Structure formats: structure tokens, C-alpha cells
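Here are a few exercises to work through with the model open beside you. Try each task before you read its solution.

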Amino acid sequence: MIGDRKVLFSGMQATGNLTLGNYLGALKNWVNIADEYLTFFSVVDLHSITVRQDPAELRKRARALLTLYIAAGLDPEKNCIYYQSHVSGHAELAWILNCFTYMGELNRMTQFKDKAAKHADNINAGLFTYPVLMAADILLYQADVVPVGNDQMQHLEITRDIAQRFNAIYGDVFTIPEVYLGKVGARIMSLQDPEKKMSKSDENPNASIYLMDDTDTIIRKFKRAVTDSEAQIVYREEQPGIRNLIDIYVACTKKSVEEVEREFDGKGYGEFKLAVGEAVATELRPLQERVAQLSKDKAYLDGIIKNNAEKAEYYATKTLRKVQKKVGFPERVR
């Protein structure tokens, strides 16, 4: 809590291209809840380098992601939209919290095991202590709530454990964050494997709709989407591919599942896939146009980057100085 407002923190990595799943599942939902909280939305580029990145490409993607935040409807005057790497407090607090985190806790992190398996040639210490940096991200701003998916719940739990451990030793220093329990965004699955989430790191380009895909590409990908042989457009567990397409159509048209089932009763999968593709293209077109407009205004984006980094730094420093004093670091001579 800062003043009379609860604090919400969230962020996305500046790697890969954002997908329809990122947009409908998280980014669009951020826009809907932003006015309820004092918000910090970070481009988490420090997290990105646990995997080797091309430096020029990382800078490009980080700026593109920040631009997308704004294009999606997050007002940079009301929401603190910033690069994680521009606020040194993230790394400074992470080091301190490393000293209050146990190896056994980090060994239990399933995401480390998954990423280590994918990047066996680069199992670095940063990958192992990733959850501690995530804890620092959240605790640095005294976040009350954090919107996280199921794949990140373990990280929020260790954040709470670290904060409670620190508070037990030094008093009431950190706010203990809760998972955001408001309306959640749609859970969008892969178009080629509807049993797993749509991912920006999927090696199959037909599995994901990227936010900058043009209409023809979107339609083509939906035409290739995996369905089944039951030939009925009904929302049921036994038809994960069709269920996923209905979820996407519902999210883009605001129609109910029942309305969608009635609309396509007796119609074929080809007609339904085309309708879903067109609905998605219509949903993304204003976002794409806004990205193009913002990208041309370098001075405007640079101003947002500078001003919001300073705002984030202000709040981060308040927490960091308190923590540094608690652990016994010498006070700075002013």
C-alpha cells in the first residue's frame, strides 16, 4: 500500500514476440484493472539474459514490448511502465534476498528444471536464482497484489516465504504480496497442441498468433489449427482444439459460449476457423496501428522511458534504503 492505494506489480520478458495468449491472458487484463491500483509494469530485461541474447535484438525487443504496453491502452502517465534494467534496485535487492533464500527452496523450483533441460549448455547461476530476482521485483515496490498464471505461482510462494523470513528477523519491512484474485484473462492454448499454452517460444510458427501478424497470416494459422473429427462446435472437455477456438472467439467478440454454439450450430470447422481468424484480426488491428504510430515518435517514447525510470527509481530506493539499514550497511553520507 502506498498512500491510500494498493500496489500491483507485473512484467513480461523482452524475449520472443508476444502472442495472442500474452495479450488476451495478461496485457489486455492489465489495462482493465490498472485504474484500481498504483501500478508498476516492467519490461523485465534482467530476467531475459539467463538465456544468451543478441544484444541489439534484446534492445529492439525491449523497446517494442514497452511500446506494446502503451499501445494496448496502459497510460504511461498513470502507470509506471519502465525497463527493469534501468532501476538498479532490482539487482541490489536481489543480492540481499539471495542471502535470505535457501538452496533447497531454489532446488524445488520446477521452472528451473524445465529451463535447465532446454538450455543444458548454459545452466548458469542466474537461471538458478531467477526466483530471487522475481521476489526483488515484487518486494521492491511493496506490491500488495501480483497477477500470475499457474506457471508462476511457485515463484510468488517463494517470494512470500522470503518476505516473511526477512520480516521475522527485522520487523515489518516488506508487504506480503497476494495473488491477484480479480477477473483473469482468457487462457489461450497452442493452435497445434491445444493441451499446452500458446507460447512465444514455441518452435512451430503455426502454433501461435503473434501480435504483429498480418490478417493473411492470422487466417492461415487458424485454418491450420488442430481440431478433431467430431464435426461439432460445442464447448466440451473432449474437444480441446474446438474449446480453445471458442475461448478465443469469445474473448475477441464478447459473445457468450452459448451464443457461439448457437451461431455455428450445424456449420463446419472451416467456416468457424475463418470466423475466429477474422475476429482476431479485427481485435489486433487497432493495437497494430497504435504500435506503428507510437514507433514513429521517438522523442515521446524516450520521454516515457526517462520519466518512468525516475518514478520507479524513487519508489524502489525508498524500500532499498530501508532494507540496507536493517541489514547493517553503513548509511550514505549526503
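**Exercise 1.** How do the residues of the lining of the second largest pocket divide into nonpolar, polar and charged?

*Solution.* First, a word on the ground rules: this is a predicted model, where local features need pLDDT of at least 70 and side-chain atom pairs count only at pLDDT 80 or more, while totals for chains, interfaces and linings use all residues. Residues are numbered from 1 along each chain as its sequence is written, and side-chain values use heavy atoms, with hydrogens and water left out.

Step 1: sort the residues. Ala, Val, Leu, Ile, Met, Phe, Trp, Tyr, Cys and Pro count as nonpolar, Asp, Glu, Lys and Arg as charged, and the others, Gly among them, as polar. That gives 10 nonpolar, six polar and five charged.

Step 2: find the middle. Of the 21 lining residues, Lys60, Arg61, Ala64, Leu65 and Leu68 are the closest to the pocket's centre. (A pocket is an open set of points on a 1 Å grid over the protein atoms alone, with protein on both sides within 12 Å along at least five of seven lines; lining residues have an atom within 4 Å of a point.)

Step 3: see where the lining comes from. Helix 3 (55-71) and helix 13 (269-295) each give at least two residues, and the largest share, eight residues, is from helix 3. (Helices are DSSP runs of H or I with at least four residues, strands are E runs of at least two, and both are numbered from the N terminus.)

**Exercise 2.** Find out which kind of aromatic pair Phe9 and Tyr141 form.

*Solution.* Step 1: the whole structure holds 15 aromatic pairs. Rings of Phe, Tyr and Trp (its six-membered ring) pair if their centres lie within 6.5 Å; planes under 30 degrees apart are stacked, over 60 edge-to-face, and the rest tilted.

Step 2: Phe9 and Tyr141 are 6.0 Å apart, centre to centre, with 5° between the planes, so by the definition they are stacked.

Step 3: Phe9 sits in strand 1 (residues 7-12) and Tyr141 in the loop between helix 8 (130-140) and strand 4 (145-146), 132 residues apart.

**Exercise 3.** Is His86 buried, exposed or partly exposed?

*Solution.* Step 1: buried means under 20% relative accessible area, exposed over 50%, and partly exposed in between (1.4 Å probe, protein chains only).

Step 2: His86 has 41% relative accessibility, so it's partly exposed.

Step 3: look at the neighbours. Leaving out residues up to four places away in sequence, His86 touches Ile305, Ala309 and Glu313, where contact means heavy atoms within 4.5 Å.

Note on methods
1 Å grid on protein atoms, 1.4 Å probe; cavity = no way out; pocket = protein on both sides within 12 Å on 5 of 7 lines; lining within 4 Å.
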